[in-house]
Amino acid sequence: MRRFFLVVTLCLVTISMSAQQHKLWYAKPASHWLEALPVGNSHLGAMVYGGTDIEEIQLNEETFWSGSPHDNNSPEAKAHLQAVRDSIFAGKEEAAHAILDKYFFKGPHGMKYLPLGSLKLKLGHEAATDYHRELNLGNALATTSYIYKGVKYERTVFASQADNVIIVQLKAGKKGALAFDVDFTSPLQAQVFTVSSHEGVKGSVNELAAVVDGADHEGIKAGLKAECRIMAEADGKIDRGADKLSVTDATTATLYITAATNFVNYHDVSGSPVKKNNQTLASIKGKAYKKLLDAHLKKYREQYDRVYLDLPSQAKGAALPTDERLAAFEKDPSDLGMVSLMMQYGRYLLISSSQPGGQPANLQGVWNAQVNAPWDSKYTININAEMNYWPALIGNIAETQQPLFSMIRDLSETGTKTAKDMYGCKGWVAHHNTDLWRVAGPIDGTTWGMFPTGGAWLTTHIWQHYLYTGDKQFLEEYYPVMKGAADFLIDYMQEYPKDGEVKQAAGWLVTVPTVSPEHGPMGKRTTVTAGSTMDNQIVFDVLSQVIAAAKVLGKDDSSLFTLRSSLAKLPPMQIGRYGQLQEWLTDGDNPRDEHRHISHLYGLYPSNQISPYSHPELFAAAANTLKQRGDMATGWSLGWKINFWARMLDGNHAFTIIKNMLHLLPDDRSARQHPDGRTYPNLFDAHPPFQIDGNFGCAAGICEMLLQSHDGAVHLLPALPDDWADGEVKGLKARGGFTVDMKWQNGKLQKAVIKSDIGGTLRLRSYVPLKGKGLKPANGTCSNPLLQSAVIKEPLKSAELSSFETLPLKKIYEYDIETVTGNLYICNTEI
């Protein structure tokens, strides 16, 4: 077994290193930001333009935000809470909306994620030929090459996690032919200088420094300053001006870029960016470029190479530059390499924007060039921030979640004050948005911000991490955070009164006030409601997960009785008059409304409350809702829909959504000419404008089409499209601590190799019979608690629903294997 495992491991490494060469490449420099290529190490982000006359590398530092420590809690909210609730229960939601707007939204509406500035390299190579630039996802290197006056010039840019710097190397094919100026510009107020001309900054004599001022915002004074440092080395001459460096007579030159702010944590801005940068640059001095490159490759590949996906294709479009390839895909979607490229690009972006010790990936990851970014590039926690992390577990990059967990812990602290001051509740709350300062009060206005379950939703990521890893130490560490979210919900929920507008809701426990994110029912001119379906589903998950976690950890907590009794009083899901899953307690869905938020299908994905096997009627209702909402939407919504259709076990429909996403939008100015454009030339997702969550949703959805583990078993190839007839995937993760490799031909599974990371019962589900050592036909429910299905109430059906049909399901075969930690299990098909 050991020898076999060694051979398999070596084969996996060889395959991943040699065959997995996903690249974005272009035949011309970027003319705008959405054509530039992203590199990042979580702390720093850069967009590489690949210019020949002037090269621009636009920079970000993850903690550079507007404002300073503060909260946005309204001291007037608590006194008006009962009036809001009374109005909602009486069917006077618009009156409740007015009270909420007046008394609950008193603070600022979140701070802005700021750009640092741009490194400009003035090269003067205007008439270059044989141009090529690319981003290789396999090694996280952005390269540019061209010929100018008979000399070949090459540039390599990478953001090293290992050494916390961005490195730019320039090479000329002729000795001494390399000459350029190094400048720095910023859209914010900045002082730019060489270090020898500015007292108090210690560093190399060949350094350029920029001190960039932060920004006030909505009455909150700037508390942050950023410093960017650029250290230059060359085998030629380096001259220093007052605010630039000039390199001449060189063959090779290397620039080392780092940046920092005075941010320490959400309530402490006493740090020294100069000291941080000095330490970073001191740590790399004396290290050869090759050593730095090798360290970068080792650190990056350790995460990226865990997953391999091959979808063979002979499409001619695969040979085109990426922007042209994307345009061609719309007409010829047989280029399945675009699908595997998008999956791996999502993983690449998450690896590059979210690493332990850093900040979570925000609405644009770690990349932003605008002082006033769309939606301030904050953390929108009514879907978008959660979606950012959907590929982390199934995509085998679990450590990228650490910044998210850190933010959730922070919010459990700031949100405790919000819960007490605004609602008089125990526990902690966060609404639909937050930022670097971890504000937990409502933001923007009632329509969007009156969503008191954003923090609760975030805690479900803690439980999912446990389900995938079985890490009890991690669960113990974060149990108080989970419990605090549940405590708030228990205090916040109210029993629906008998004389309320919705008669069948009497006695149910509901969140009030709340919204179904950004969407309201027919007949109401507000989003404000009580007990939206999404809220009910989130509350079910949070209470159930805390109860389950307490059992795992052996907690003897008397308050768990309250959680169990509250769980029993939650509203059931309801099937409405149009055969849809109701979004609200009332049957207010409009079957012609194609709104981007399909929040009430949270129970389908990312939760596991809607199952084709245990609740086929709910499953059919979810399908009706999806059909009513249509197959087109904003970019991030399409990312969610891919996952929805994967959970519907309909690979063909999921692939339709992928194809709808892969429509080229050249830039935001051309949105009218390209109304269906949902992907920019650099493959960033287009809402439009740019939101990175769509990239992550797409990546997760592709994985979910190939592997699912939420509904009582590890389901192999659950939603394989007909067009993906042949393929191979390696390294996907399943709940229960299993790593899965699969190969299929003619649309049918041929072989699966599963590694057990923590032991325990493995239940396999397949559309074809399987054989293998230790495989036994399964009986009853799976005994592995990490794979268990949700146990929910029976749904209610509208009396106006004249007929209702469930969906046909493929025949399935289920098997159990008792696994041992570290062992491999091979399954082949019987046919």
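Buried residues account for 64% of the 831 residues in the chain. The model is predicted. Its secondary structure comprises 19 helices and 35 strands, and the structure holds 39 salt bridges.

**Overall form**

- A compact globule of 831 residues would have a radius of gyration near 28 Å, and the chain agrees with this because its own value is 27 Å.
- Taken along the principal axes, the box filled by the C-alpha atoms is roughly 85 × 70 × 55 Å.
- Of the contacts between residues at least 6 apart in sequence, 70% join residues at least 24 apart.

**Surface and charge**

- The chain has an accessible surface of about 29,600 Å², and carbon and sulfur atoms contribute 50% of that surface.

**Salt bridge between Lys225 and Asp213**

- Side chains of opposite charge can pair when their charged atoms come close.
- Lys225 and Asp213 form a salt bridge through their side chains, with an N to O distance of 2.3 Å.
- Lys225 belongs to strand E13 (residues 225-234) and Asp213 to strand E12 (residues 207-213), and the two are twelve residues apart.
- Lys225 has 43% relative accessibility, so it counts as partly exposed.
- Asp213 is also partly exposed, because its relative accessible area is 25%.

**Salt bridge between Glu476 and Lys555**

- In the salt bridge of Glu476 with Lys555, the closest N and O atoms are 2.6 Å apart.
- This pair links distant parts of the chain, 79 residues apart: Glu476 is in helix H13 (residues 472-492), while Lys555 is in the loop between helix H14 (533-553) and helix H15 (560-568).
- Glu476 is partly exposed at 35% relative accessibility, and Lys555 is partly exposed with a relative accessible area of 30%.

**Salt bridge between Glu501 and Lys524**

- Glu501 and Lys524 form a salt bridge in which the closest N and O atoms are 3.0 Å apart.
- Glu501 lies in the loop between strand E20 (494-495) and strand E21 (509-510), and Lys524 lies in the loop between strand E22 (514-515) and strand E23 (528-529), so the pair ties together parts that are 23 residues apart in sequence.
- Glu501 counts as partly exposed at 37% relative accessibility, and Lys524 is partly exposed with a relative accessible area of 25%.

**A salt-bridge network**

- A network of salt bridges links Arg763, Arg765, Glu814 and Asp816.

Notes:
Residues numbered from 1 in each chain as written. Predicted model: local features only at pLDDT ≥ 70, side-chain atom pairs only at ≥ 80, totals over all residues. Heavy atoms only, no water. Helix = DSSP H or I, 4+ residues; strand = E, 2+ residues; numbered from the N terminus. Rg over C-alpha atoms; globule rule 2.2 N^0.38 Å. Buried < 20%, exposed > 50% of the residue type's maximum accessible area, 1.4 Å probe, protein only. Contact = heavy atoms within 4.5 Å. Areas by Shrake-Rupley, 256 points an atom, 1.4 Å probe, with all protein chains shown as cover. Salt bridge = Lys/Arg side-chain N within 4 Å of Asp/Glu carboxyl O.
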